[in-house]
Amino acid sequence: MMAFSSFLPKIDLRLYMLAILVPLILVNWIRNLKFLAPFSTAANCITFISFGIILYYIFREPMSFGSREVIGNVENFPLYFGTVLFALEAIGVIMPLENEMKRPKMFMRTFGVLNVGMGIIVFLYTALGFFGYMRYGKDIEGSITFNLGDPKWLAESVQVLLAIGIFFTHAIQCYVAIDIAWNEYIAPNLEKNSHKLMWEYVVRTSLVVLTFLLAVAIPQLDLFISLFGALCLSGLGLAFPAIIHICTFWSVCGSTEKSIMLAKNMSLILFGLLGLIVGTYTSLRDIIKTFS
């Protein structure tokens with residue numbers, strides 16, 4: 001069976017991206033996180049279907065483990081560190097998600113929303129990463145979807161499905177950035193403006209266009225994923241939460257609890273700073289080397 005691409009005209013990829021810009025802006029005009037939940041559910045279903053197809057490609061033939069390295073090169077660890085942090089970048093949505101829940105106490109329980117959701121995500125990422133490497137070895141691409149072989153139409157359908165899933169969740173990822181930019185900085189200065197709602201939509205549109213321009217300008221996504229993960233999320237996901245935890249509970253903890261809390265959180269802070277410095281340097285080095 002012929003691939004989908006054989007039926008499409010040879011159009012610049014950036015024009016395809018431009019075609020979905022308006023629908024993407026309209027999705028980001030949704031102002032309530034609850035109304036974005038159906039989009040997230042649809043994206044999850046699409047993602048699971050895509051994972052199933054990828055696993056079919058991985059396990060349809062016997063694997064050979066002989067030529068696979070058990071331990072990778074140490075100099076590649078910073079890139080791995082940044083990529084993992086980027087994969088978990090939904091940390092910024094955690095607090096708004098908890099605030100929007102009908103029963104927020106269910107969020108932080110041992111088997112609550114956070115632990116169960118993150119457990120499933122980590123398991124899926126680990127499984128796909130491990131078995132993907134076992135199948136393709138050093139030839140694996142920045143996205144495993146580029147390694148999928150025949151039938152081509154099925155491999156391309158995975159890329160289409162994942163693109164649709166990302167499209168549906170784009171508004172959720174932008175929710176916190178829009179909420180902070182609008183409610184904390186811009187809206188207070190427009191309280192008496194009769195066109196306040198219009199300016200909110202202008203802000204939402206501007207942020208979407210900014211992400212669109214970044215997507216057009218960045219040709220190799222894997223290196224920039226590692227860069228953003230190390231540069232931004234090592235602080236947001238590791239160092240800052242540890243610092244906030246110390247500042248919040250320092251006055252109410254005993255001496256023993258303070259020592260344990262300080263040791264644990266300082267380890268996270270130092271690890272985050274190490275990832276920030278080393279990961280950013282390594283990513284920038286590889287980006288410069290690639291484009292030079």
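**View 1. The buried side of helix α2.** In helix α2, which spans residues 21–28, the buried residues are L21, L24, I25, V27 and N28, where buried means under 20% relative accessible area, exposed over 50% and partly exposed in between, for a 1.4 Å probe and protein chains only. These residues lie on the same side of α2 because they cover an arc of only 160 degrees around the axis, the arc being that of the directions from the helix axis to the C-beta atoms. An α-helix has 3.6 residues a turn, so residues three or four places apart point the same way. The model is predicted, with local features needing pLDDT of at least 70 and side-chain atom pairs counting only at pLDDT 80 or more, while totals for chains, interfaces and linings use all residues. Residues are numbered from 1 along each chain as its sequence is written, and side-chain values use heavy atoms, with hydrogens and water left out.

**View 2. The chain as a whole.** The chain holds 10 helices and zero strands, these being DSSP runs numbered from the N terminus, with H or I over at least four residues for helices and E over at least two for strands. Of its 292 residues, 32% count as buried.

**View 3. Helix α2 against helix α8.** Helix α8 covers residues 196–217 and packs with α2 at an angle of about 135 degrees, the axes lying 9 Å apart; axes are lines fitted to C-alpha atoms, for helices over the stretch in contact, and angles run from 0 to 180 degrees between N-to-C directions. The two helices, α2 and α8, are therefore oblique to each other, given that angles under 35 degrees count as roughly parallel, over 145 as roughly antiparallel, 65 to 115 as roughly perpendicular and the rest as oblique. The crossing of α2 and α8 is right-handed, a term for the near helix being turned clockwise from the far one by less than a right angle, with anticlockwise giving a left-handed crossing.

**View 4. Helix α3 between two partners, α6 and α7.** The axes of α3 (residues 37–59) and α6 come within 10 Å and cross at roughly 30 degrees, so that α3 and α6 are roughly parallel to each other, and their crossing is left-handed. With α7 (residues 152–186), the axis of α3 comes within 8 Å at a crossing angle of roughly 155 degrees, and α3 and α7 are therefore roughly antiparallel, again in a left-handed crossing. A37, found in helix α3, is partly exposed, with a relative accessible area of 38%; the C-alpha atoms of A37 and T169 are separated by 9.3 Å, although these residues are 132 residues apart along the chain.

**View 5. Helix α6 and its end.** Helix α6 comprises the 24 residues 113–136 and reaches 34 Å from its first C-alpha to its last, close to the 34 Å expected at 1.5 Å a residue, the expected span being 1.5 Å times one less than the number of residues. Its buried residues are L114, L124, A127, L128, G132, M134, R135 and Y136, and the helix is followed by G137, whose phi is positive, near 60 degrees.

**View 6. Y281 in helix α10.** Y281 is found in helix α10, residues 255–291, and counts as exposed at 56% relative accessibility.
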